[in-house]
Amino acid sequence: MDLELRHLKVVRAIADAGSLTRAATALGLAQSALSAQLKRIERALGGPLFVRDRGGARPTPLGELVLDRSRVLLPAMRQLEEDARRFTGAWQATPRFRLGGTHGLLLGALLDRLSAAHPTAPVRTYTSWSQEAIAALVREGRLDFALTGVCADALPPDHDRLEWHTIAEDPIFVLLPEDHPHAGESALELGKLAEEQWTSTPGDGCFGDCFAAACAQSGFAPGPLFETDTASCVHLVQVGRAVGLCRATFPPTPGVVTVPLAGTPLSWRHVLGHDPASPAVGAAPAVLAYARQAHREAAARNSAYVRWLETNAHHRAEG
């Protein structure tokens, strides 16, 4: 058994009451239950904490040592709890939002909604191609929320430290010049693009590996990706230099079209993360709702995605 603060509180209660009977009454426990708990604590600490006789319960030398430590630890923990409540209350009284995101239109849409809902609250953003870097800033308390994404069922970064919620899951479409031979297809076999040069935005997740695996299943190995920012990817597609990979929520853009991949070999899960110990945790449900609303509106603006959803009723776009 690992010693916890609640065990120190039990030892302190017995010492203050002077007997197990009175301590059990004060703690609202049966004496037998308190006695059994004390025995477990003593086993964990390696010896008896009290001498029990007709006069009550008196601390042993080991008990005195534990009580001395408890006089420091228990008030420190109470102070920490009070400070945390004051800190959280101060955030709620004067909220501010610090958002970190990778590339994508949802960050701007979320920024817009937070600014409209909290017109006096400062809203700051930080962008990076690195999911790991953004998650680290949330973990360190330098950001409140992380807006990023992962492939299919992959785990978000720092999944054991941060709390992540799915905003939505999108199929990956291909981005083609509007005069491409396959631009009018309702669903395109990935293998038909085996000879194309590809472009996509960079990142430190597993998307590149997932794309290579999907190509291998379609019987080809893609050449090196042109990894660059979104505007440059669109330009490369518009001039016919490459075909792109994009989420199905990609907005209508002159000179290009988005086409679903047959069988949906690739998908992207948008996720929102926060530290469960952050003072901003109370705002997390509202921020998640804003992000999901932004996604729904983005999906509705892409007619190819709307048609895809109509024929893929099993797809659960929203988490």
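At what angle do helix α5 (residues 106-117) and helix α9 (residues 284-301) pack, and how far apart are their axes? In this predicted model, in which local features need pLDDT of at least 70, side-chain atom pairs count only at pLDDT 80 or more, and totals for chains, interfaces and linings use all residues, the angle between α5 and α9 is about 125° and their axes lie 9 Å apart. Residues are numbered from 1 along each chain as its sequence is written, and side-chain values use heavy atoms, with hydrogens and water left out.

Axes are lines fitted to C-alpha atoms, for helices over the stretch in contact, and angles run from 0 to 180 degrees between N-to-C directions. The arrangement of α5 and α9 is therefore oblique (angles under 35 degrees count as roughly parallel, over 145 as roughly antiparallel, 65 to 115 as roughly perpendicular and the rest as oblique). Their crossing is right-handed (the near helix is turned clockwise from the far one by less than a right angle; anticlockwise gives left-handed). Contact (heavy atoms within 4.5 Å) involves L106, A109, L110, R113, L114 and A117 of α5 together with V287, Y290, A291, Q293, A294, H295 and E297 of α9. The contact of α5 with α9 comprises 9 nonpolar, 2 polar and 2 charged residues (Ala, Val, Leu, Ile, Met, Phe, Trp, Tyr, Cys and Pro count as nonpolar, Asp, Glu, Lys and Arg as charged, and the others, Gly among them, as polar).

The protein chain contains 10 helices and 11 strands (DSSP runs numbered from the N terminus: helices are H or I of at least four residues, strands E of at least two). Its radius of gyration is 29 Å, well over the 20 Å that the globule rule gives for 319 residues, so the chain is more spread out than a compact globule (the radius is taken over C-alpha atoms, and the rule is 2.2 Å times the number of residues to the power 0.38). The C-alpha trace spans about 95 × 50 × 35 Å along its principal axes.

Helix α1 (residues 5-17) packs against helix α2 (residues 20-27) at about 125°, with the axes 8 Å apart; the crossing is right-handed. A13, I14 and A17 of α1 meet L20, R22, A23 and L27 of α2, giving 6 nonpolar, no polar and 1 charged residues. With helix α3 (residues 31-45), α1 forms an angle of about 120° at an axis separation of 11 Å, and this crossing is left-handed. R6, H7, V10, V11 and I14 of α1 contact L34, Q37, L38 and I41 of α3, a set of 6 nonpolar, 2 polar and 1 charged residues.

Strands β1 (residues 50-53) and β2 (residues 56-59) pair in the antiparallel sense over 4 bridges (pairing requires at least two DSSP bridges). V51 has R58 of β2 as its bridge partner, and a hairpin of 2 residues joins β1 to β2.
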